[in-house]
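Please walk through the model below, from the whole chain down to single residues. The paragraphs after it follow that order.

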Amino acid sequence: MTEETHRPDGRAGTLYEAVGGTDALRRLSNTFYDAVLADPLLAPVFADFTPTHIEHVAVWLAEIFDGPARFTEELGGHQALLRAHLGLGITEDQRLRWMELMADAVAKELPDDELLRRRVVEYFDWGTKIARAVSADPPGTDLGDPGPTPRWGWDGVR
Ligand code: HEM
């Protein structure tokens with residue numbers, strides 16, 4: 001028996017592979033930001049949005065879900081991700097709307113696999129709470145060393 005067959009959910013491989021790799025994450029990001037920019041509660045938060053944002057989010061998600069570590073290698077890693085949210089003053093209503101639009105995008109763009117979708121949405125719930133907490137601090141706040149980019153698997157964060 002392999003180690004994987006002892007897991008409660010019995011899944012092998014990474015979430016990155018299960019979602020369909022970087023192309024699927026790019027489609028997810030694209031669909032999500034189309035909705036965000038059309039949303040009256042979220043659009044003002046994204047006033048400085050540029051299309052590179054879509055690609056950077058896809059690259060971040062690839063790394064989080066155990067794919068290539070390109071965000072760490074090319075885009076400043078965990079520290080840069082956290083710093084991008086400083087000063088945004090995200091409210092709980094905005095966080096919940098973000099989650100709602102992301103759940104819609106997940107349902108539209110990711111494979112029809114209930115456990116996979118649940119794990120992905122759980123990551124977003126965890127991540128948006130961190131983004132909201134960080135957003136209460138002003139731009140330039142010293143965040144110390146946040147450690148490496150987290151990895152999210154079939155059993156949650158590692
Ligand atoms: C798991 C949750 C989240 C992830 C993975 C995420 C990911 C990212 C990434 C990768 C960037 C940098 C983009 C770049 O370099 O261009 C970024 C910036 C940003 N995020 Fe998030 N984010 C999350 C939650 C949120 C939430 C809840 C909000 C607000 C409701 C938010 C608002 C923003 C804004 C306004 C920026 C700056 C956009 C810009 O470049 O103009 N994020 N986020």
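Predicted model: local features only at pLDDT ≥ 70, side-chain atom pairs only at ≥ 80, totals over all residues.

Residues are numbered from 1 along each chain as its sequence is written.

The protein chain contains seven helices and two strands, where helices (H or I, at least four residues) and strands (E, at least two) are DSSP runs numbered from the N terminus. Their order along the sequence is α-α-α-α-α-α-α-β-β. The radius of gyration of the protein chain is 16 Å, close to the 15 Å that the globule rule gives for 158 residues, so the chain is as compact as a globular protein of that length. That radius is taken over C-alpha atoms, and the globule rule is 2.2 Å times the number of residues to the power 0.38. The C-alpha trace spans about 50 × 35 × 25 Å along its principal axes.

Of the 158 residues, 22% count as buried. A residue is buried if 20 or more other C-beta atoms lie within 10 Å of its own, exposed if 12 or fewer, and partly exposed in between, with C-beta atoms placed from the backbone. Two residues are in contact if their C-beta atoms, placed from the backbone, lie within 7 Å. Among contacts between residues at least 6 apart in sequence, 77% join residues at least 24 apart.

Helix α2 covers residues 21–37; its 17 residues reach 25 Å from first C-alpha to last, close to the 24 Å expected at 1.5 Å a residue. The expected span is 1.5 Å times one less than the number of residues. Which residues of α2 are buried? They are Leu25, Leu28, Ser29, Phe32 and Val36. Seen down the axis of α2, these buried residues fall within an arc of 95 degrees, so they line one face of the helix; the arc is that of the directions from the helix axis to the C-beta atoms. Asp23 and Leu37, on the other side of α2, are exposed. The cover over the buried residues includes α1 (15–19), α3 (52–64) and α6 (92–109).

Helix α3 has 13 residues and reaches 18 Å, close to the 18 Å expected. Its buried residues are His56, Ala58, Val59, Trp60, Leu61, Ala62, Glu63 and Ile64. They pack against α1, α2, α4, α5 (77–83), α7 and β1 (152–153).

Just after α3, Asp66 takes a positive phi of about 80 degrees, although Asp66 is not a glycine. Most residues other than glycine have a negative phi. Asp66 sits in the loop between α3 and α4 (70–74) and counts as partly exposed because it has 18 C-beta neighbours inside 10 Å.

Gly13 lies in the segment before α1. With 11 C-beta neighbours inside 10 Å, Gly13 counts as exposed. The C-alpha atoms of Gly13 and Trp154 are separated by 8.9 Å, with the two residues 141 apart along the chain.
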